[in-house]
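I opened the model and kept notes as I went. These are the entries, in the order of my look-ups.

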Amino acid sequence: MRGALRYLGRVVAGSLLGLGSALWLAGLWPEGRSLAFGNVDVGGWRSDFAIGSKAADPYTRARVARHGLLALAKSEAVYFTRVTDDMGAPLREACTYRLSGGAMPAGWWSITLYDARSMLPANTDNALSLDASRVGTGAWEAIISPERPAGGGHWISSRKAGAFDLTLRLYMPETALLAEPNARLKPPQIERLECEQ
Amino acid sequence: MKRWLGPMLVLLVCAAGAHALTLHFAPSLIMSRAMTALAERGVGLHRFTPPARVTPQSQQVVRSSPDLYYALCRYDLGNSATRVALTMAAWPDYQSLSFFDARTDNFATLRGSGKAVSVTLLPPGSPPRQGAIITPTSKGVILIRRLAPSAEDFAKAAQVGAGDQCRLVAGERVNSPPQP
């Protein structure tokens with residue numbers, strides 16, 4: 001009887017261990033874990049070009065199902081996520097950042113801010129992204145902050161975002177980008193300007 | 001030592017099994033829950049539902065882009081004698097028609113910038129056919145994306161979207177190809 005109970009205990013413990021480790025490694029639990037995953041890292045912007053395809057490993061597949069459902073395969077679009085500023089500190093609502101960059105190797109691009117639940121933060125500022133059609137060609141910059149900056153210019157609102165991340169979408173990516181992302185993509189910079197205490 | 005060998009082996013086997021099963025079923029489970037949630041929010045079966053512009057208040061799917069117009073159509077080709085006829089109306093800027101199976105795989109995408117696109121979606125196991133796409137699973141989601149970064153662009157995309165079609169039609173029964 002004691003032997004049977006010992007085995008039963010191991011079955012339960014093993015199943016819980018397997019379940020928990022899978023959810024943890026796939027980024028499904030606990031909620032709000034880092035989304036910067038994948039085998040492509042361009043200046044801190046992380047991506048997995050297997051997203052959306054059968055080639056994705058089980059961890060990527062599970063993570064994308066939870067955080068990027070209905071993402072397109074790389075021939076149509078690639079997605080990069082950034083969770084830290086240029087100094088390596090996590091992005092957070094209490095800070096103001098300067099986001100800057102230039103032309104991208106894609107037909108169209110956008111940068112969007114998401115909260116820790118992978119949702120648009122619950123504000124009504126109508127300023128949650130920046131895209132190629134708004135900044136034109138060449139160099140561009142925008143402020144990321146919870147309040148609209150004085151003096152106009154491009155703004156991405158982080159109000160009610162808490163800890164957040166940025167997703168760079170590159171639609172109709174150039175073939176060379178898929179082959180050599182580090183050589184072809186000049187990643188946007190995220191300079192931290194100030195933080196509230 | 002020997003007393004613990006058996007239980008430890010059982011623990012490791014159960015852990016590995018639960019780990020693999022969780023990873024295997026997680027995408028299908030998440031997709032199934034997402035499809036249920038979409039249905040509850042009015043996304044139609046075999047029809048494109050006119051979307052609201054993506055805002056923090058209207059968002060339905062994680063990581064939606066506020067710069068895109070998204071029109072969704074759920075499909076169920078459990079009956080192998082049916083198919084889905086699709087048309088994506090013409091839009092002057094970027095647009096695409098993408099297909100996602102019950103495992104979340106993006107198994108096909110058609111780009112249609114500046115032109116209308118029509119295609120037929122066939123049930124799993126159908127023989128290949130010109131102008132048709134075969135779904136790997138009987139259920140899934142079809143998604144039209146249109147570049148529409150402003151409210152004005154979105155309103156125009158919604159007007160164009162009235163010409164989109166996703167409808168279930170009766171087709172000839174699909175037979176397995178003859179064995180050689």
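I began with what counts as a strand pair: two strands pair if DSSP finds at least two bridges between them. The model is predicted, and I read every entry with that in mind.

**Entry: a pair in chain B.** I looked up strand E2 (residues 82–88) of chain B and strand E5 (residues 117–122) of chain B. They pair over five bridges, in the antiparallel sense. I picked out B:Ala85, which stands opposite B:Thr120 in E5(B). Then I followed E5(B) to strand E6 (residues 132–134) of chain B. Here the pairing is parallel, over three bridges. B:Thr120 turns up again, opposite B:Ala132 in E6(B).

**Entry: the open sheet.** What is the strand order in the open sheet of chain B? I read E1-E7-E3-E4, four strands with antiparallel pairing. Which strands stand at the edges? I found strand E1 (68–76) and strand E4 (106–111) of chain B there. Each has a single partner strand, so one side of each is left without a neighbour in the sheet. Direction ignored, neighbouring strands of this sheet are turned by 15° against each other on average. I then checked E1(B) against strand E7 (residues 139–147) of chain B. Nine bridges join the two, and they run antiparallel. B:Cys73 faces a residue of E7(B): it stands opposite B:Ile142.

**Entry: chain B as a whole.** I counted two helices and eight strands in chain B. From the N terminus on, I read α-β-β-β-β-β-β-β-α-β. I looked up the radius of gyration next. Chain B has 21 Å, whereas a compact globule of 180 residues would have one near 16 Å. Along the principal axes, the C-alpha atoms of chain B fill a box of roughly 75 × 55 × 25 Å. I noted that 40% of the 180 residues of chain B count as buried. I also took the contacts in chain B with a separation of 6 or more. Residues 24 or more positions apart account for 69% of them.

Entry: I checked helix H1 (residues 2–25) of chain A for length. At 1.5 Å a residue, its 24 residues should span 34 Å, and the end C-alpha atoms are 34 Å apart, which agrees. Which residues did I find buried in H1(A)? A:Arg10, A:Gly14, A:Gly18 and A:Ala22 are buried there. In an α-helix there are 3.6 residues a turn, so residues three or four places apart point the same way.

**Entry: A:Asp86.** I found A:Asp86 in the loop between strand E3 (77–82) and strand E4 (95–101) of chain A. Is A:Asp86 buried, exposed or partly exposed? I counted 14 other C-beta atoms within 10 Å, so A:Asp86 is partly exposed. Leaving aside neighbours within four places in sequence, A:Asp86 is in contact with A:Gln189, A:Ile190 and A:Glu191. I also took the separation from A:Leu19, 67 residues apart along the chain from A:Asp86. Their C-alpha atoms are separated by 35 Å.

Terms used:
Residues are numbered from 1 along each chain as its sequence is written. Chains are lettered from A and ligands numbered from 1 in the order in which they are written. This is a predicted model: local features need pLDDT of at least 70, side-chain atom pairs count only at pLDDT 80 or more; totals for chains, interfaces and linings use all residues. The radius of gyration is taken over C-alpha atoms; the globule rule is 2.2 Å times the number of residues to the power 0.38. A residue is buried if 20 or more other C-beta atoms lie within 10 Å of its own, exposed if 12 or fewer, and partly exposed in between; C-beta atoms are placed from the backbone. Two residues are in contact if their C-beta atoms, placed from the backbone, lie within 7 Å. The expected span of a helix is 1.5 Å times one less than its number of residues. Axes are lines fitted to C-alpha atoms, for helices over the stretch in contact, and angles run from 0 to 180 degrees between N-to-C directions.
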